[in-house]
Amino acid sequence: QMQLVETGGGLVQAGDSLRLSCAASGRTFSSYAMGWFRRGPGKEREFVAAISWSGASTYYADSVQGRFTISRDNAKNTVSLQMNNLKVEDTANYYCAAGQFPVKTSRYDYWGPGTQVTVSS
């Protein structure tokens, strides 16, 4: 079993930046691909970004490409999501996930409880 906890969410204005962090424990963190997903109000959970176990490969949803950056620090068992130029449509509960592959689906093995990001106009 792996435990994931997200931090860094908050209320910001459009154009601002936030950095989300996810701390992992319970399993060998470096063996897992990591992903970020989000669920906005009245929407389904959607893929945001993913990173391979080594950090060599990253993937992004078209809606965040060029604005968000995913990274990981295996020595500290953390994965981060730097969010720049936030838009109102980025408002959502953001979830950290761990799995065998950095897929764009929700088929990950472990999930954190989420952290809320609210962007006002």
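Colleague: Buried means under 20% relative accessible area. Is Tyr108 buried or exposed?

Modeller: This is a predicted model. Tyr108 has a relative accessible area of 7%. The cut-off for buried is under 20%, so Tyr108 is buried.

Colleague: How does Trp111 count at 25% relative accessibility?

Modeller: Buried ends at 20% and exposed begins over 50%, with partly exposed in between. Trp111 has 25% relative accessibility, so Trp111 counts as partly exposed.

Colleague: How many aromatic pairs does a search of the whole structure find?

Modeller: Rings pair if their centres lie within 6.5 Å. With the whole structure searched, the number of aromatic pairs is five.

Colleague: What kind of aromatic pair do Tyr32 and Tyr110 form?

Modeller: Their ring centres are 6.0 Å apart, with 75° between the planes. Planes over 60 degrees apart count as edge-to-face, so the pair of Tyr32 and Tyr110 is edge-to-face.

Colleague: How many residues apart are Tyr32 and Tyr110?

Modeller: Tyr32 lies in the loop between strand S3 (18-25) and strand S4 (33-39), while Tyr110 belongs to strand S10 (residues 110-111). Tyr32 and Tyr110 are both buried. The pair links distant parts of the chain, and the separation is 78 residues.

Colleague: Which residue has its charged end over the ring of Trp111?

Modeller: The residue in question also lies over the face of Tyr95, at 5.1 Å from the ring centre. For Trp111, the charged end sits 4.1 Å from the ring's centre, and the residue is Arg45.

Note on methods:
Residues are numbered from 1 along each chain as its sequence is written. This is a predicted model: local features need pLDDT of at least 70, side-chain atom pairs count only at pLDDT 80 or more; totals for chains, interfaces and linings use all residues. Side-chain values use heavy atoms; hydrogens and water are left out. Rings of Phe, Tyr and Trp (its six-membered ring) pair if their centres lie within 6.5 Å; planes under 30 degrees apart count as stacked, over 60 as edge-to-face and the rest as tilted. Helices (H or I, at least four residues) and strands (E, at least two) are DSSP runs, numbered from the N terminus. Buried means under 20% relative accessible area, exposed over 50%, partly exposed in between (1.4 Å probe, protein chains only). A charge sits over a ring if NZ of Lys or CZ of Arg is within 6 Å of the ring centre and within 35 degrees of the ring normal.
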